[in-house]
Amino acid sequence: MTRMHARTALVTGASGDIGRTIAAALAREGATVVLTGRNLERGQEIADRIREQGGEAHFTAAELSTGQPAIRRLMDDIAHRTGRSIDILIINAAHTPPSQPLGEVSDEQIDQTYAMTSAAHSAGRPNTATYQPVSSASACCWPLLPAAPP
C-alpha cells in the first residue's frame with residue numbers, strides 16, 4: 001500500500017507544467033487526483049497519462065478566478081466523480097497580470113490575483129484538507145514589491 005492510498009488530492013492549475021508534475025507525483029503515491037485548470041485538452045491529456053501509468057485521475061475544466069460559484073461547481077463535481085471529500089489541496093492556479101511596470105499594475109489586477117488564490121483556498125475549508133499553496137514570486141508576491149519611482 002502506498003502513502004497516499006485512500007486520499008483525494010485536488011491540484012489547481014494542473015494543466016500547466018508544475019501542476020502536472022505535482023499531480024503525477026501524488027498519483028504515483030496512490031492518491032486519487034482531481035486536476036483542474038483552464039485548458040480542457042491539456043488537462044484531459046494529463047489525466048489520461050496518469051491513468052495509463054496506473055493512477056486514478058479526473059480532470060475538470062474550471063476558471064477559479066470567477067469565485068465561489070465556480071468553487072461550488074468544482075466541489076460538487078469532485079464529490080460526484082470520487083464519492084469522497086478532499087484530503088489534500090494543492091493551490092497551483094494563478095492569475096498573473098500582463099507584464100508591465102509595477103507602478104502601472106491596477107488595483108483590479110491585484111484584487112484578481114488574490115481572488116484566485118483565496119477562491120482556491122476556500123475549496124478545502126469544508127473538509128479537513130491539507131492546505132499547500134504553490135506559487136511563483138510572479139504569481140504571488142509581485143503586488144508586495146514597492147512601486148517603481150515615478
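**Overall architecture**

The chain contains five helices and five strands. Along the sequence, these elements follow the pattern β-α-β-α-β-α-β-α-β-α. Of the 150 residues, 41% count as buried. The chain exposes about 8300 Å², and carbon and sulfur atoms supply 52% of that area. Among contacts with a separation of 6 or more, 69% join residues 24 or more positions apart.

**Confidence**

The average pLDDT of the chain is 75, and 69% of the residues score at least 70. Confidence is highest in helix α2, with a mean of 95, and lowest in helix α5 (residues 137-140), with a mean of 38. Over residues 124-150 the pLDDT stays under 50, and for this stretch the model has 47 contacts beyond four places in sequence. Where pLDDT is low, the predicted coordinates should not be read in detail.

| Helix | Number of residues | First to last C-alpha | Expected at 1.5 Å a residue |
|---|---|---|---|
| α2 | 13 residues | 18 Å | 18 Å |

In helix α1, the buried residues are Gly19, Ala23, Ala24, Leu26 and Ala27. Viewed down the axis of α1, these buried residues fall within an arc of 165 degrees, so they line one face of the helix. Ile18 and Arg28 are exposed on the other side of α1. The cover over the buried residues of α1 includes strand β1, strand β2 (32-37), helix α2 (40-52) and strand β4 (88-91). After α1 comes Gly30, which has a positive phi near 100 degrees.

In helix α2, Gly43, Ile46, Ala47 and Ile50 are buried. They cover an arc of only 95 degrees around the axis, which puts them on the same side of α2. The face turned away from that buried side carries the exposed residues Glu41 and Glu52. Elements covering the buried residues of α2 include α1, β2 and β3. At the start of α2, a side-chain oxygen of Asn39 comes to within 3.3 Å of the backbone nitrogen of Glu41. Just after the helix, Gly54 adopts a positive phi of about 95 degrees.

**Ala47 in helix α2**

Ala47 is located in helix α2. Is this residue, Ala47, buried or exposed? Ala47 counts as buried because its relative accessibility is 0%, under the 20% limit. Leaving aside residues up to four places away in sequence, Ala47 touches Leu35, Ala57, His58 and Phe59. The C-alpha atoms of Ala47 and Arg20 are separated by 8.8 Å, although the two residues are 27 residues apart along the chain.

**Ser15 between β1 and α1**

Ser15 occupies the loop between β1 and α1. With a relative accessible area of 11%, Ser15 is buried. Which residues does Ser15 touch, not counting those up to four places away in sequence? The contacts of Ser15 are Thr36, Gly37, Arg38, Asn39, Arg42, Gly43 and Ile46. Between the C-alpha atoms of Ser15 and Glu41 the separation is 8.7 Å, and these residues lie 26 residues apart along the chain.

Thr12 belongs to strand β1 (residues 8-12). Its relative accessible area is 1%, so Thr12 is buried. A polar atom of the Thr12 side chain lies 2.9 Å from the backbone nitrogen of Asn92.

Thr60 is found in strand β3 (residues 56-61). Thr60 has a relative accessible area of 13% and is therefore buried. Beyond residues up to four places away in sequence, Thr60 touches Leu35, Thr36, Gly37, Leu74, Asp77 and Arg81.

Note on methods
Residues numbered from 1 in each chain as written. Predicted model: local features only at pLDDT ≥ 70, side-chain atom pairs only at ≥ 80, totals over all residues. Heavy atoms only, no water. Helix = DSSP H or I, 4+ residues; strand = E, 2+ residues; numbered from the N terminus. Buried < 20%, exposed > 50% of the residue type's maximum accessible area, 1.4 Å probe, protein only. Polar contact = N/O pair within 3.5 Å; in protein donor to acceptor, adjacent residues only side chain to side chain. Contact = heavy atoms within 4.5 Å. Areas by Shrake-Rupley, 256 points an atom, 1.4 Å probe, with all protein chains shown as cover. Arc of directions from axis to C-beta. pLDDT = per-residue confidence, 0-100. Expected span 1.5 Å × (residues − 1).
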